[in-house]
Structures are given as structure tokens and as C-alpha cells.
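Reader: I have a structure open and some questions about it. Can we go through them one at a time?

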Amino acid sequence: MCCDLKRRFLLLYATQKGQAKAIAEEIREQAGARGLEADMHCISEMDKYNLETEKDPVVIVISTTGTGDPPDTARKFVKKIQDTTLPPDHFAHLQYGLLGLGDSEYTFFCNGGKTVDRRLQELGAQHFYDTGLADDCVGLELVVDPWIDGLWFALKEAFLLQKEKEGMSSVVDAVSSSLSAALHGVHELNLSSEVQNLKLEDEGVRNSDVLSQKLVDINLVASTRDTEPSLVHSVPPVSQSVLNIPALPPEYIEVQFQDTHGENPHLSSLISEGTTFEVPVTKAVQLTREDAIKTALLLELDIADTVFDYQPGDAFCVICPNNVNEVEELLQILGLSEKGEYFICVKVKQGTKKKGAARPQHIPERSTLKFILTWCLEIRAIPKKAFLRALVECTSDAGEKRRLQELCSRQGASDYTRFIRDSNVCLLDLLHAFPSCKPSLNLLIEHLPKLQARSYSVSSSNLYQPGKLWFVFNIVEFPACPARPVSRKGVCTGWLAELVAPLLHPSKNTLNTKGGSSSTEKISIFARPNNTFHLPADPSVPFMMVGPGTGISPFIGFLQHRQKLREEHADWEFGETWLFFGCRHQDRDYLFKQLRCFLENGTLTHLKVCFSRDFSTAEVAPPKYVQDVIRLYAKEVARVLLKERGYFYVCGDKKHMADGVSDAVVDILSMEMEADKLEAMKILATLREAKRYLQDVWS
């Protein structure tokens, strides 16, 4: 029993969309194969673990959400450890290793993990393993895989340290021998094959499988069309490599088909984030011309009969279904077209080897098959390597099997990034590309993540138009490519566009708030308040807004709100307001020409616009992008931010706009203060911390 205790470590995960949990599950599976017990819990389950008394090593996997917040599941934990009354040695007994997940496209990269890491250090906790920060922008696996590989030696050292402290040598000897045996007991399977008739078998290899491929004739000349790698085809060195592939995840879900009688769960039962509201769509307006590169729509929701409340700058979530045709296509490939309306019962498989196996929370215990594929599973999700590994076992063609093994292997990491991750390949694309792959329904339920509700910025003010909510979006387009033979629209934006097609106003660029068509179409929404992206509490404080394209959305709400306040409080002092807006063409995608009204009635003090694709005959070419326009008003930007302690808001695309805007502000601060760039960057960081430089951006 004592030995069992010393082979245990506490494994905590904090996830927003399931990635941190999936990585924690991978750690747990690998730990089991090495004779260790990973006591795994969601970090929110604070009744199931106690860091105050924890003596064993602790491993934490934590993601980041929003613009740098810990995931929702970690909020209570973070609040608890940030208690200022805790002494600096509160966690002096704690040994931990932390893996943070984030996206360097965002300013506060991995801030969820960094926040927890920093606070644990302040409270006396010690690292037994260096912190890892994985970047979803380039591929989480580039950090996650080697971090997990190094974890086992670090745990061994941590157990040795415990032995020194507690004098329990027998415990560590047992752990050390089990770890050594596991590290050296990796299966090696030599497979003979020919380039033109590749035969692969994977018999009983369940740990870190090593596949050694011996080519009978490596000098066979490949045909010209096969000299370039693709989703379905590899070239040397990958095609000739010994492959390290992940362990085969144990199956743990059992699906039982029942009859066609009953009712599906209400959509609200799928949401744990808050109260859902079913509201009608009362207006739809196309804001762009037909020949615009992107199609932008504005929708109006009627929330008058609900208690849904919001402030300008808030976001909310739309519960959306998968595309009907894609669901039907998937049913057909699975051979279940006739079973779509049948109710199924989803249970944990008896005798499964998966530790802590449970029915996924987003899967109802009983519903129709079509309901699960439509509302519960993200069938457009980019398949994780563990899913590819499981699909290998469902593939009969030897060549297809080998290619799937390559794509989930360490040697095929760049191919996975190029042909799956960067190409936005989904399950349907894979099943078309590898026609001999016939996965079971339970495999899909095990590996496809939860269908996430989509978040949108509110584009209106409840004060200006009570009972109404506006939001604006571009219809997302995924063009066809070699890995994806058909073009697709975004899951939610495509669905919304189809839903409101009968409502679209004939006058595409006029928003008539008085009239308009009515609709019986309803959508389900829930609130996702933004704690910081709001108007200054003091109306006399000046602020600047930067929102090209649909990034202008929250600022329409800001201006509506400000206009109403000016009407109701004529005696108040109001600070100046700036708006920098940009789009491609003035006559095609200038989304809100009504901005002139805000300018004319004094709500908006300064409106600066630019058009990146319009041809100019001017002797001096006008600026193309908002960051270029901002530089023209350097003194005003510096005055508002530094002298008048104003606010600066940025909304829109992160990579191609928000970074350029922050670079422009740094240059302005450096020039106007006659300081070097490093000092200017520190000032901008101070403004961010003071919540006076605020971003609502996406990648």
C-alpha cells in the first residue's frame, strides 16, 4: 500500500474547449503504462483534492481563454489562491509541474497558466519540473509532446526527493525500477514492405509504438505525381522512417440503439455556462455589396420578453448546429442513414481499460443519433493525433493505414501541421481521403469534442434601443483545397446566413430601425459578459476606438449608448471620441455609413477612415490601413493616452491589424516622449494593466 501511494501523483486540468483535458488524459494513460497512478481531476472539483495537504507531486495542465483569462473551470481555484491573506509559505510543501496552453496570436499568451504558476510560486510552491508553454498558433504538440516525454524523469527525481525526506528507499526503488522497465520496454515492430505493396500490421502494440519499416527496394523510382507530399501521400524521409506513434487510446463508450419513440433533450441542457434564451430574429441586413470579398450581415434579436441583459462591449454566445448535409453525409459513410432518427443510449463500456472513464458531459444519456451529430459533436474539429491513431485500427487498406500512422507519428509532425492542422481538415475530409477507414459510432463520441457555442460581440445598446440586440458577422468561407475537395461555410455563420435568407432587406446598405420584416425563426443564446471591454465609467474621459471591418461592431453599441446618455444628461461633461475605421472598398464594404450621423450630432468627435483596395489618383497616396492612419495623429494619440488618461480600444483581426496598431502606438509613445522603444513598450504594458488599452481580437 505504501508503495502504491508513492507511485501516485495528482493531475489537475483546467479546460475551456477540451484540449487541456485531452492532454491530461494522455498523461494519465502514459502514466498507467509506466506503473504510475495519475489521480486526475478537473481543477474545479476542489472537493476531490486538497493542495493544502497534498504531499505527492502535482501536475497541472491549464489553458487560456478570452484575451488572457483562466478558463471558466479555473475561476474559483484562481480566486481562492489569490486570497491576499494567505501566507507566503502557504504551499511551501508543494512540488508541481505546470503545462500552459495558449495562442501567441493573442497579447497575453498562456496567461491562464502563467497566472496560476506565478501565484503558486508566491505562496512558496516549488517546481519539480520546468513550466511548459504550448502555442496553438504553431501547434500545441511541438511543446506538449517533449514536455510529456520529460515528465517521467522529473517525476522519478521528485519521488527520489521524497525518499530523501522520508527515508522510504523501498518505495523509490520500486518506482525507479518500474519507470526504467517502462522506458526500456518499448515495443519494436519490424515491418517488411515494398513501396508499391506496403503491408503493415500493428499487433498488440499499446504503449509508445515504434514501427520500423524496412524497405525492400528503396531505389524504386516514384512516379512524378508522387514526388510531392499530400494528405494521402508521403515522401522520404517520412515514408522511409521508423515511426514513433502514440499509444492506442482504449475504447470506453458503448452505444445501444433503441426505438424511435421519445423526445430529444432541450438545447439548454447542453449548456453549463449560464441561462439560455430562445429569441426571435427580427431583422437581417446585408451590410456589404454583392461584389464585396466578404459578406457581412447584421442581425437583430428581440430580447424584450427575456431577462437577458448586456452592456455595450459585452459578448454573447449562439448555440448552433452542424450543417444538415454534412450530418447526412457522415451518417451515410458510417452506414447509419436509416438509423438517424433512432434513439441511442450512451454508456461507459464495461471492462474498459480507460481509467476514470465517464460518459462525456456534452453527450445526453438518451437522444437520437441525429441529435448527437447535429448539436453535440464538433464534426468540423481538426482531428487530434490520438483520434488519427484510433482511426488506424479502422482502416483496411495497407497504404492508407501507413499514411494515418505517419500523420500521428512524431516523424510526421510537419505533415500533420501542413496537411491537417493548417488545412483545417475535418473528419469528413479524412473519411473521403481514406475510404477504407470505417470508424464505429462510439469512436466518434469518444474523440470528437463538444460542439462549442460561437461567441459574438454585441453591436448595440440596450439603453438606446431597449429589448433589442444587434450583432454583426462575416460569413466565414473555407475554399476548396487539395485536402478538402469542397468549399464550406463556417458552422455558425453559414447556418445563420441560411436561417435569415428570407429576411434579408432588399436595400442592402440601409438599416431602417423603424420598419423591416418580422420573423418566426428563433435562435438560442446565452450571455458571456466582458469584464473590461466597456465604456469608461467617467463620461468625461476621452477615448479612441480602432475597428476595421466587423471590428467596428462593439463600437456601434458604444456610440449608441453615448448618444442616449448625451440626450438624457445635457448637463454632463463628455470627453472627445475618436473612431478609426477601415475596409477594402468605400462603395462595397463600408459597413456603417450611418457613422456620419454620430459625427453630425456630436456623439462622435473624430471619424477617420481608410480603404485599402481603392485606387487613388492623389499625388500622395492616402493611408491604406488603420495603423497607418493612427500614425498621422500621433500627437492626439499621445495626448489622449498620457495627458488626459484616456482609453484606447482595439477590436478585430489580431494578426493582420491589432499587432500593427500596438506597434504604431509604441512608435508614437516613443516619438512623443522622446524615449527608446523599450521604454515605450513598458508604457504600453502599463496601460494594458491599467485597463486603458483594451483589445477584443480574434485570430
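Reader: Where is Leu-451 in the chain?
Author: Leu-451 sits in the loop between helix 13 (441-447) and strand 16 (454-457). Keep in mind that this is a predicted model.

Reader: Is Leu-451 buried or exposed?
Author: Leu-451 is buried, because its relative accessible area is 6%, and buried means under 20%.

Reader: What is Leu-451 in contact with, neighbours within four places in sequence left aside?
Author: The contacts of Leu-451 include Cys-320, Pro-321 and Asn-322. Thr-374, Trp-375, Cys-376, Leu-377 and Glu-378 are also among them, and so is Val-491.

Reader: How many residues apart in sequence are Leu-451 and Cys-320?
Author: They are 131 residues apart in sequence, and 8.2 Å apart in space, C-alpha to C-alpha. For the chain as a whole, residues 24 or more positions apart account for 78% of the contacts with a separation of 6 or more.

Reader: OK, nonpolar cores. How many residues does the largest one have?
Author: The largest nonpolar core has 52 residues. Leu-330, Leu-388 and Leu-391 have the most contacts inside it.

Reader: New topic, strand 3. How many of its residues are buried?
Author: Five of the five residues of strand 3 (residues 58-62) are buried, so the strand is largely enclosed by the rest of the structure.

Reader: Which residues are on which side of strand 3?
Author: Val-58, Ile-60 and Ile-62 are on one side, and Val-59 and Val-61 are on the other. Both faces are covered. In a regular strand the side chains alternate between the two faces of the sheet.

Reader: What does strand 3 pair with?
Author: Strand 1 (residues 8-14) is joined to strand 3 by five bridges, and the two run parallel. Within that pairing, Leu-12 has Ile-60 as its bridge partner. Strand 3 is also joined to strand 4 (residues 95-102) by five bridges, again parallel. There, Val-59 stands opposite Gly-97.

Reader: How does the chain cross from strand 3 to strand 4?
Author: Through helix 3 (residues 75-81), in a right-handed β-α-β crossover.

Reader: Where is Thr-65, and is it buried or exposed?
Author: Thr-65 is in the loop between strand 3 and helix 3. Thr-65 is buried, with a relative accessible area of 12%. Beyond its neighbours within four places in sequence, Thr-65 is in contact with Gln-16, Pro-70, Pro-71 and Arg-528.

Reader: What about Lys-21?
Author: Lys-21 is in helix 2 (residues 19-33). Lys-21 counts as partly exposed, at 31% relative accessibility. Not counting residues up to four places away in sequence, Lys-21 touches Tyr-13 and Thr-15.

Reader: Now the backbone. Which peptide bond is cis?
Author: The one from Pro-236 to Pro-237 is cis, with omega near 5 degrees. Pro-237 is in the loop between strand 8 (209-215) and strand 9 (243-245).

Reader: What is the phi of Asn-424?
Author: Asn-424 has a positive phi of about 55 degrees, although it is not a glycine. Asn-424 lies in the loop between helix 11 (413-421) and helix 12 (427-433), and it is partly exposed at 35% relative accessibility.

Reader: And Lys-691?
Author: Lys-691 has a positive phi of about 60 degrees and is not a glycine either. Lys-691 lies in the loop between helix 20 (677-689) and strand 25 (693-698). Its relative accessible area is 44%, which makes Lys-691 partly exposed.

Reader: Last one. How many helices and strands are there?
Author: The chain has 20 helices and 25 strands. Of its 699 residues, 52% count as buried.

Definitions and conventions: Residues are numbered from 1 along each chain as its sequence is written. This is a predicted model: local features need pLDDT of at least 70, side-chain atom pairs count only at pLDDT 80 or more; totals for chains, interfaces and linings use all residues. Side-chain values use heavy atoms; hydrogens and water are left out. A nonpolar core is a set of buried Ala, Val, Leu, Ile, Met, Phe, Trp, Tyr and Cys residues joined through side-chain atoms within 4.5 Å. Buried means under 20% relative accessible area, exposed over 50%, partly exposed in between (1.4 Å probe, protein chains only). Helices (H or I, at least four residues) and strands (E, at least two) are DSSP runs, numbered from the N terminus. Two strands pair if DSSP finds at least two bridges between them. A crossover is right-handed if, with the strands pointing away from the viewer, the path from the first strand over the helix to the second runs clockwise. Contact means heavy atoms within 4.5 Å.
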